[in-house]
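Hi,

Here is the structure I said I would pass on.

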Amino acid sequence: MRIAVFDSKPYDEQALNDANAGHGHELAFFGDRLSRSTVPLAAGFDVVCPFVNDRVDACTIAQLAQFGVKLIALRCAGFNNVDLAAAREHGLRVVRVPAYSPEATAEHAFALLLTLVRKTHRAFNRVRDGNFSLDGLVGFNLHGKTFGVIGTGKIGQACIRIARGFGCRVLAYDLYPNPALASELGFEYASLDEIFPQADILSLHAPLMANTHHLVNATSIALMKRGVVLINTSRGGLVDSQALLDALKDGQIGGVGMDVYEHEEGVFFEDLSGEALMDDVLARLTTFPNVMITSHQGYLTAEALANIASTVLDNVAAFARGGELVNEVHGSA
Ligand code: NAI
């Protein structure tokens with residue numbers, strides 16, 4: 001099939017070309033994100049392959065349908081950026097990559113967490129500058145701390161396994177608790193109201209949906225343990241960034257590791273080093289010594305990229321032969 005890959009970077013191209021050796025699809029790579037203004041690039045293709053920040057809204061979908069595109073083959077797990085109702089209306093099927101390496105993102109959450117609690121980012125800069133002093137670098141042990149997890153899906157579970165390995169007590173919240181999982185992994189389910197005041201660390205792994213938007217806001221932050229370390233590797237929209245900024249200034253939040261940001265579109269994944277950063281909240285967040293920001297790289301391991309590429313192309317192949325679409329997205333985002 002002819003596949004238009006949007007928001008494509010060199011590492012995507014390599015992984016997709018490698019995986020395509022076993023398929024023989026026709027791949028075209030576009031650096032632009034799919035949106036109303038770039039949708040004409042999709043003319044003549046059977047499939048579009050967007051990523052997390054492509055805006056696949058109703059208008060874009062109507063255009064895709066007019067061009068004869070039949071399948072939206074996301075190369076990510078989240079699908080909050082696709083108007084599923086519009087896709088249904090226009091007869092476009094939507095497939096995703098539900099799991100490519102939950103460990104990749106879970107391990108990144110711990111990379112952020114360990115950096116923050118042991119201040120290795122500051123130590124790295126000091127030593128490079130010939131400063132071998134330890135003043136200001138006192139951290140804290142993860143062992144014995146209460147680790148709060150919101151969302152016990154694939155990534156949440158991988159995080160829980162790691163947290164248990166560190167000797168943390170784990171409290172978790174999910175809309176659909178799984179008691180067998182809790183006893184297998186050694187954690188307890190609790191309500192958000194119970195988790196917020198107890199968690200020393202809070203790690204977000206729920207998808208972005210209407211009922212998780214700004215789950216972390218001024219009200220919920222006020223219920224949290226003072227000095228909590230918040231880790232968000234899920235979706236930026238789960239956190240009200242202005243409330244986060246206020247809580248960091250106030251000390252209510254003691255550290256933030258964020259791999260996602262609610263207004264990351266157009267900023268994350270791009271080299272803006274020669275330009276002024278126009279987002280004042282993000283710019284201010286980068287100035288805190290206890291805030292660690294990465295640019296949505298939780299998934300970015302060689303293993304995950306290879307898994308993503310092969311699942312995307314398997315999804316397209318299943319569609320082409322009229323087979324069952326095991327990774328089809330049916331729900332509403
Ligand atoms: P998953 O679908 O396996 O798990 C999500 C869990 O959240 C499910 O157990 C679900 O019941 C639960 N949930 C749904 N609504 C909830 C609510 N209102 N409150 C609490 N829990 C709720 O998804 P997975 O693979 O674990 O991914 C989690 C999120 O991580 C994705 O939605 C995606 O946004 C993000 N992600 C980020 C990556 C990165 O590079 N930073 C890479 C991959 C995913």
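Predicted model: local features only at pLDDT ≥ 70, side-chain atom pairs only at ≥ 80, totals over all residues.

The ligand first. It takes up the space of the largest pocket. Around it sit 23 residues, with Tyr100, Lys154, Ile155, Asp174 and Thr233 the closest. If you sort that shell by residue type, you get eleven polar, eight nonpolar and four charged residues.

Which polar atoms come up against oxygen atoms of the ligand? Asp174 has a polar side-chain atom 2.6 Å from a ligand oxygen. Arg235 also brings in a polar side-chain atom, at 3.2 Å from an oxygen of the ligand. With Ser234 the polar atom belongs to the backbone, and the distance to a ligand oxygen is 3.5 Å. As for how covered the ligand is, on its own it would expose 870 Å², and the protein buries 88% of that.

Thr294 comes from the loop that runs between β12 (291-293) and α12 (302-320), while His108 belongs to helix α4, residues 102-118. Are these two buried or exposed? Thr294 has a relative accessibility of 12%, so it counts as buried. His108, at 11%, is buried as well, because the cut-off is under 20%.

Last, some backbone angles. Most residues other than glycine have a negative phi, so I noted two that go the other way. Lys119 has a positive phi, near 55 degrees, without being a glycine. You will find Lys119 in the loop between α4 and α5 (120-128). His296 is not a glycine either, and its phi is positive at about 55 degrees. The loop that holds His296 is the one between β12 and α12.

What about their accessibility? Lys119 comes out at 22%, so it is partly exposed. His296 has a relative accessible area of 7%, which means it is buried.

That's everything from my side.

Cheers

How values were computed. Residues numbered from 1 in each chain as written. Heavy atoms only, no water. Near = heavy atom within 4 Å. Polar contact = N/O pair within 3.5 Å; in protein donor to acceptor, adjacent residues only side chain to side chain. Areas by Shrake-Rupley, 256 points an atom, 1.4 Å probe, with all protein chains shown as cover. 1 Å grid on protein atoms, 1.4 Å probe; cavity = no way out; pocket = protein on both sides within 12 Å on 5 of 7 lines; lining within 4 Å. Sits in = over half its atoms within 2 Å of the grid points. Nonpolar A, V, L, I, M, F, W, Y, C, P; charged D, E, K, R; others polar. Helix = DSSP H or I, 4+ residues; strand = E, 2+ residues; numbered from the N terminus. Buried < 20%, exposed > 50% of the residue type's maximum accessible area, 1.4 Å probe, protein only.
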